[in-house]
Amino acid sequence: MKAAERGIWKSAELRRRLADAGLEISAGKMSALWTGTPTTIRLDDLDVICAVLDCEPTELLIREPEKVAALRPAKAAINQAGPTSVTPRLGHPRSTPPV
């Protein structure tokens, strides 16, 4: 939406403007950014994107608390399983300390 507000209607145009600002983005990463589904983004890259779009990071990032909440039950189930037993490893025993 921020790109559209700045008159940028194609991902190629945003990619060109980012390149002009010193950020070379691959076509695959640009596609993920444009569709709104990037898996990761470097903070340095986010800074350049914000400079090009004349916006703040908070205007581009969308919180997804439901995804965070979905991770909690899996973590809680691991903790409720209790401690795992420790099995000693066979092999070389430790040396005795010098006398």
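Trainee: Which helix is Ala 12 in?

Mentor: Ala 12 sits in helix α2. Keep in mind that this is a predicted model, where local features need pLDDT of at least 70, side-chain atom pairs count only at pLDDT 80 or more, and totals for chains, interfaces and linings use all residues. Residues are numbered from 1 along each chain as its sequence is written, and side-chain values use heavy atoms, with hydrogens and water left out.

Trainee: Good to know. Is Ala 12 buried or exposed?

Mentor: Ala 12 is exposed, at a relative accessible area of 56%. Buried means under 20% relative accessible area, exposed over 50%, and partly exposed in between, with a 1.4 Å probe and protein chains only.

Trainee: And how far is Ala 12 from Ser 31 in space?

Mentor: Their C-alpha atoms are 9.4 Å apart, while in sequence the two are 19 residues apart.

Trainee: Let's zoom out. How many helices and strands are there?

Mentor: The protein has six helices and zero strands. These are DSSP runs numbered from the N terminus: helices are H or I with at least four residues, strands E with at least two.

Trainee: What share of the residues is buried?

Mentor: Of the protein's 99 residues, 16% count as buried.

Trainee: Which residues have the most contacts inside the largest nonpolar core?

Mentor: Those are Leu 14, Leu 18 and Leu 53, in a core of 13 residues. Such a core is a set of buried Ala, Val, Leu, Ile, Met, Phe, Trp, Tyr and Cys residues joined through side-chain atoms within 4.5 Å.

Trainee: What does Leu 14 touch, leaving aside neighbours within four places in sequence?

Mentor: Leu 14 is in contact with Ile 8, Met 30, Trp 34, Val 52 and Leu 53. Contact here means heavy atoms within 4.5 Å.

Trainee: At what angle do the axes of α2 and α4 cross?

Mentor: They cross at roughly 110° and come within 10 Å. That makes α2 roughly perpendicular to α4, a label used for 65 to 115 degrees; under 35 counts as roughly parallel, over 145 as roughly antiparallel and the rest as oblique. The axes are lines fitted to C-alpha atoms, for helices over the stretch in contact, and angles run from 0 to 180 degrees between N-to-C directions.

Trainee: Which residues meet there?

Mentor: From α2, Leu 14, Arg 17 and Leu 18 meet Val 48, Ile 49, Val 52 and Leu 53 of α4.

Trainee: New topic: where is Asp 45, and is it buried or exposed?

Mentor: Asp 45 lies in helix α4 and is buried, at 8% relative accessibility. Beyond residues up to four places away in sequence, Asp 45 touches Leu 23 and Lys 29.

Trainee: How about Asp 54, where does that lie?

Mentor: Asp 54 is in the loop between α4 and α5 (57-60). Asp 54 counts as exposed at 61% relative accessibility, and has a positive phi of about 50° although it is not a glycine.

Trainee: Last one: which side chain makes a polar contact with the side chain of Lys 2?

Mentor: That is Glu 59, at 2.8 Å. A polar contact is a pair of N or O atoms within 3.5 Å; within protein, one must be able to donate a hydrogen and the other to accept it, and residues adjacent in sequence count only if both atoms are side-chain atoms. Lys 2 is in helix α1 (residues 2-5) and is buried, with a relative accessible area of 16%.
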